[in-house]
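Please look through this structure with me. We will go from strands to helices, and then to charged pairs.

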Amino acid sequence: MRVTQSMLSNNMLRNLSTSYNKMGKLQEQLNTGKKVNRPSDDPVVVMKGMGYRMQVDKVATYQKNLGEVHNWLDSSDDALDGVGQVLHRAKELVTNAANTGAMTPGDRDKIKIELDQLREQIKDLANTKVGDKYIFSGTKTDTPVYGENGFPTDQATLDAFDKTVEIEVFDGVSLNVNSNAAAMFKKIDDLFEEIDNIGDDGAGFSEALSKIDEQMDAILTARADIGARSNRAELMQNRLEMQEGAAKKQQSENEDIDYEKVITEMITQESIHRAALSVGARIIQPSLVDFLR
């Protein structure tokens, strides 16, 4: 086959275009730091990258859920701690009122006034909210434990108060974030009602002391349960951080370039391109028109 000048020229131009494309791709990789910048570059890498990115996004969602878990548990613990402090103060007052020798009926009336205020504080703590949700109302988070008409009496609401609220923190893993304390608040309120109805002789205050101790023990038990769930949430947080780190590492290995390697390839390709230009200048020989000038 006869090789013509036009064939040599076209072949040289085609090779130069290919060389430009290679340098352009390397330059784009250096600019973006990514091995592929469009699906056509490497479909397999793109598909793997989508999977890793979905995994990272899923972990981020679970981490946000865990933040909500910590918010619920911390708020519940703070509220129950406040209840414990109120009961401790109530115990001091009832202990003083039980002293039949030193207390007069007037003194006991003054103590009952303060106990009434402590009772209202208990109700306020029972209606603690996280955002717009009541945390001690079970699944009926839009209903306070103590509303305008006091503690609810309908069975449907009471059943909802006993149900748990769960938040998903991993694939197939959900944590209980609420404390079913509505019944406990009701018992405490009933106890304050009994104390308020004690006669002037103060005969019932001693019995009330043991009941206050029972409720304080119930508060400690509830707080211990919250503490155990908080510890599990911390362990889950560590697990998610490990999952996030592993997913991001895999994503980086799949998508990110090795700058030293790409720079070396870029320099090599530039040298090859200059050599191709030099050889091309020799291939394109002067034509007859050049001699007729």
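Start with two terms. A residue is buried under 20% relative accessible area, exposed over 50%, and partly exposed in between (1.4 Å probe, protein chains only). Helices (H or I, at least four residues) and strands (E, at least two) are DSSP runs, numbered from the N terminus. This is a predicted model, in which local features need pLDDT of at least 70, side-chain atom pairs count only at pLDDT 80 or more, and totals for chains, interfaces and linings use all residues. Residues are numbered from 1 along each chain as its sequence is written, and side-chain values use heavy atoms, with hydrogens and water left out.

Take strand E4, residues 173–176. Val173 and Leu175 make up its covered face. Ser174 and Asn176 make up the uncovered one. In a regular strand the side chains alternate between the two faces of the sheet.

E4 has a partner. Two strands pair if DSSP finds at least two bridges between them. Strand E3 (residues 166–170) is joined to E4 by 4 bridges, and the two run antiparallel. Ile167 has Leu175 as its bridge partner in E4. Glu166 has Asn176. E3 and E4 form a hairpin, with 2 residues between them. In the turn, Gly172 has a positive phi of about 75 degrees.

Now move to the helices. The axes of helix H5 (residues 182–196) and H6 come within 11 Å and cross at roughly 165 degrees. Axes here are lines fitted to C-alpha atoms, for helices over the stretch in contact, and angles run from 0 to 180 degrees between N-to-C directions. H5 is therefore roughly antiparallel to H6, a label for angles over 145 degrees. On H5 they include Met184, Ile188 and Leu191. On H6 they include Phe205, Ile212 and Ile219.

Charged pairs come next. Side chains of opposite charge can pair when their charged atoms come close. A salt bridge is a side-chain nitrogen of Lys or Arg within 4 Å of a carboxyl oxygen of Asp or Glu. The whole structure holds 17 salt bridges.

Two of them sit within H6. Arg229 and Asp225 meet at 2.8 Å, N to O. They lie 4 residues apart in H6, about one turn of the helix. Arg229 is buried, at 13% relative accessible area, while Asp225 is partly exposed, at 40%. Glu244 and Lys248 form another salt bridge, with their closest N and O atoms 3.2 Å apart. They too lie in H6, 4 residues apart. Lys248 is partly exposed, at 44%.

Which parts does the salt bridge of Lys34 and Asp256 tie together? Its N-to-O distance is 2.8 Å. Lys34 lies in the loop between helix H1 (5–32) and helix H2 (43–97), and Asp256 in the loop between helix H6 (205–255) and helix H7 (259–283), so the pair ties together parts that are 222 residues apart in sequence. Lys34 is partly exposed, at 29% relative accessible area. Asp256 is partly exposed too, at 27%.

How values were computed. Angles under 35 degrees count as roughly parallel, over 145 as roughly antiparallel, 65 to 115 as roughly perpendicular and the rest as oblique. Contact means heavy atoms within 4.5 Å.
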